[in-house]
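Please read the following report with the sequence and the model open beside it.

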Amino acid sequence: MEGSSSMLDAEAVADLVLLDPLTEESLVQTLQERFRRRDIYTYIGNVVISVNPYQSLPIYTPEKVEEYRNCSFFAVKPHIYAIADDAYRSLRDRDRDQCILITGESGAGKTEASKLVMSYVAAVSSKGEEVNKVKEQLLQSNPVLEAFGNAKTVRNDNSSRFGKYMDIEFDFKGEPLGGVISNYLLEKSRIVRHVKGERNFHIFYQLLAGASPQLLQQLKLRQDCGHYGYLDREGSSLPGMDDAANFHAMQDAMRIIGFSPTEVIELLQVTAVVLKLGNVQLSSSFQASGMEACSISEPQELHEICELIGLDPGALERALCSRTVKARDEAVLTTLTVPQGYYGRDALAKNIYSRLFDWLVKRINASIQVKSDKQRKVMGVLDIYGFEIFQDNGFEQFIINYCNEKLQQIFILMTLKEEQEEYVREGIQWTPVEFFDNSIICNLIENNTTGILAMLDEECLRPGVVNEDTFLTKLNQLLATHKHYESKETQNARRVTDASLPPRCFRIHHYAGKVTYNVTGFIEKNNDLLFRDLSQAMWAAQHALLRSLFPEGDPQKVSLKLPPTAGFQFKSSVAMLMKNLYSKNPNYIRCIKPNDTKSAMVFTPELVLAQVRYLGLLENVRVRRAGYAFRQLYGPFLQRYKMLNAQTWPCWDRGDREGTEVLLAGLQFPAEELAFGHTKIFIRSPRTLFDLERRRQERVAELATLIQKMFRGWRCRIQYQLMRKSQILISAWFRGHRQKNRYKQMKRSALILQAYARGWKARKTYRKYFRSSASTCLANFIYRRLVQKYLVGLAKNLPPLSVTDRTWPPAPYRFLDNTNQELKNIFYHWKCKKYRDQLSASRRAQLQARLCASELFKDKKTLYPKSLQQPFRGEYLGLKQNPKYQKLHAVAKDKLVMADSVRKVNRASGKTVPRLLLLTTEHLVLADPKAAQPKTVLSLGDIRGVSVTRFSDGFLALHLKEVSTVGAKGDFLLVSDHLIELVTRLYQTFEATTGQALPLHITDRFSTRFPKGDVSITVVESPKASTNGPVCKKKGSNKMEVLVY
Ligand SMILES: Nc1ncnc2c1ncn2[C@@H]1O[C@H](COP(=O)(O)OP(=O)(O)O)[C@@H](O)[C@H]1O
Ligand SMILES: [Mg+2]
């Protein structure tokens, strides 16, 4: 390891504790060698010694930050980052408030060191928008405070002219939350006067160099530094310092911190007022009373000031040139002499500036203060002006060096004295180490009764003539025998001749060297008085900021009490600071200045040796070597490391000391490394501690892994159990749900089945009542209705009853066609029957005859249609009426059916002869017309048949039975005009009489029986008409032709 190897490099050990031999020379040599190697940092235990390189070294890069982050203090090269990291980790992990005490001469690099610490802490603490804002604000407070509080001195181009203590506050995670800045005693005399080669505060030069012409005009300033009295009217620019750029950086910083533009402009206005006050010139004039009085010689500047602050120039002039003195309850205005006037002017400028600086710090604090009331841990960084020895040392140096003395005291108390006392207290074997305890010097300055500050205050408050001489005399009296006090007088008393100690001076042997202070100005600076007229004038200004700086100027609040002196104020604030520092864990950075010329890499051993001496580094190393690097109460120690031993982990129920012993015994450290005090354990070398810490870290990692493992396991188990429970629950619900659904489905199905079955059963039972028959019922109803309608319609529209009328309304529906036809027939038959029923007997007979005729002849004989026009009269002869036929009438009596005249064909010749023919119900009678006597009477039963022709003739052959008497004569051939009627009546009568049908032949050829044998008769249709009816011609013996037409 780089760190550890360089640590043990004999020529340039990194930790001076390892130095061998240990002498002042070897110590300085080691520092020099390390400095040559550009290792500017060296340890004494956990104290860092930093030698100012006066050049920028590549050891502050982000990579370096990473390297030092969380690494072991001694494992890497000494670095300011290592101590910052150690402090930060101790704060974060051990919950201990820290303070970082940076001491050293002016120009040794304290301010730079404090900035490095702050930037390191900012870099390693966590990131985030809010945190970054806080960090940025904390870091940006530096350029602002440096502009107003730093100045070039002969020692340091950027010397802090105020003390600064900054508390950075963190939350439990180590994230910065904000901070508080305390400032101590600004060297305000610099405003009005500074040593040649030095400068006033940076802000004035920055403002003039960096402000835009408009801003300058607004502030009524000129860019030329030489114009301003307080800037000493000499060349102002510094090599390596760009005032204009710094001005802009400062403005940016103010913006980041949260200054409003109005606040910035007001701040600059007040700054301009201070600068311009230096140009207010006074001259003496003689008053009417003959007294010399001062007046403003060049009112231009005064007017501009008044314009800037909104004040009546007359009021300011009055305040500058005169003073109100109270004499016996009466206010008297006295004029001032020119020196008094200048004194007042300068006092005003100094007061304005120092109050402005206080306001600035307060304003920054308002921005960076922690807003939440979370629990906080604090890291304090103290960057206070270093020990100063100038050619001419005044009140400021006295104060500054007093402060450094106090810091040295803290260092001594905490590292040397306290340590050794503790060994004794704890009963640790110990050979005391000699060291210089500076409490005697502190006491010399701060003792409440005999201290220099107390005496100065006494002088200041004492009525009567007060000046530095009386003060010095008093000191000489009181401190004549003090080892650390010298003055011309005490030297004289001791008969020492020392040309270096002029009169009006006293010398103090500080821990860091002898400093001769010139008492001139002590009283005035301690009083720090400002004429009330001036503060009242300032209060009367309209400028809000300026006015707020002078609250005592309010005439309502006039108090006769003198304000506390500067020395008193400083002493109490230093006491408070010390108390604050004591409450924290200290971390030291001791800065050493290698040369007086601010040159890079120049190492002046004498200069360094002086610093090594007064810083007490050698004693520091000695104590460190003899002592133990680390100590802690048994309780917390055991608590911290108990995991390193199985016996003490996790719980130790016996005493803490016993536990610590058991614990350390298990770790097998060399015996000389450890010492057991009454209440604390002591560990000699840091290495052992680091080893312990490393083991602890490893073990903690293991334990953390174990805890993580157990926790993860537990969490997974719980998670699993939960999931399983949930899964079972879900399954249960799901199954339930599914079964429920299934059940519902089944129930529904069962219901449907039931419903169907019941329905089916019910339908079966009630089918007749229900729809299936309803349709038939309806159909029937409709059908019936239709039929009814049809019948009713028919009834209303019956056709006429005439039998000849065959009309009948058509069926309105097809299905009624048959019925309609049937009804038509029935109706017709009914009509006919009705017709028939109303007929008379004769008419009926006649019609019967007609019917019979039709049956016999219709479509068989051509004559038939002609016969239809002729009524069947039956009685054509008039037997009753004609007496001639009396006989015939008698024969017929009431049995007569027909009486007509016919012609009989002679069977031999074929000629015809007239005859009367009577047909009765029993007989057929042929009679001679002349005689009117029956010639032939045929019983109807004798008739065998009748033959007629097909034509329209009246020819007929009457076939007789052979057995009959008449029949012997053979068949008769007759011609009748009423053939149809005759044959019909014969047929009817025959049937009625015999009960048999008369055979009737309608034919063209038939045979007749004649007495002389059978004759076949052939009917021939004649083409020419003859009126005489048919003509029979005998053709041979047994043939006869009948010509018809
Ligand atoms: N670590 C460093 N690296 C480079 N230069 C440094 C370092 N520390 C100090 N300096 C130089 O020394 C000068 C004086 O340092 P500073 O911190 O202002 O001194 P102090 O505050 O002790 O009076 C700085 O302006 C800077 O140029
Ligand atoms: Mg400084």
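A polar contact is a pair of N or O atoms within 3.5 Å, and within protein one atom must be able to donate a hydrogen and the other to accept it, while residues adjacent in sequence count only if both atoms are side-chain atoms. This is a predicted model, in which local features need pLDDT of at least 70 and side-chain atom pairs count only at pLDDT 80 or more, whereas totals for chains, interfaces and linings use all residues. Residues are numbered from 1 along each chain as its sequence is written, chains are lettered from A and ligands numbered from 1 in the order in which they are written, and side-chain values use heavy atoms, with hydrogens and water left out.

| Residue and its polar atom | Atom of ligand 1 | Distance |
|---|---|---|
| Y60, side chain | nitrogen | 3.0 Å |
| G107, backbone | oxygen | 2.6 Å |
| A108, backbone | oxygen | 3.3 Å |

On its own, ligand 1 has 550 Å² of accessible area, of which the protein covers 84% (Shrake-Rupley method, 1.4 Å probe). Around ligand 1 there are 15 residues, and N52, G107, K110, T111 and N156 come nearest (a residue is near if one of its heavy atoms lies within 4 Å). This shell is made up of 8 polar, 4 nonpolar and 3 charged residues, where Ala, Val, Leu, Ile, Met, Phe, Trp, Tyr, Cys and Pro count as nonpolar, Asp, Glu, Lys and Arg as charged, and the others, Gly among them, as polar.

The magnesium ion, ligand 2, has T111 (OG1) and S160 (OG) as its protein donors, at 1.9 to 2.2 Å. Donors are N, O and S atoms within 2.8 Å of the metal (3.2 Å for Na, K and Ca), and the site may look incomplete because water is not among the atoms. T111 belongs to helix α5 (residues 110-124) and S160 to strand β5 (residues 159-160), so that the pair, 49 residues apart, links distant parts of the chain. Helices (H or I, at least four residues) and strands (E, at least two) are DSSP runs numbered from the N terminus. T111 is buried at 13% relative accessible area, and S160 is buried at 9%; buried means under 20%, with a 1.4 Å probe and protein chains only.

In helix α24 (residues 605-615), the buried residues are V608, Q611, V612, Y614 and L615. G616 follows α24 and has a positive phi, near 70°.

F390 sits in the loop between β12 (377-383) and α15 (395-426), and with 16% relative accessibility F390 is buried.

Terms used
Buried < 20%, exposed > 50% of the residue type's maximum accessible area, 1.4 Å probe, protein only.
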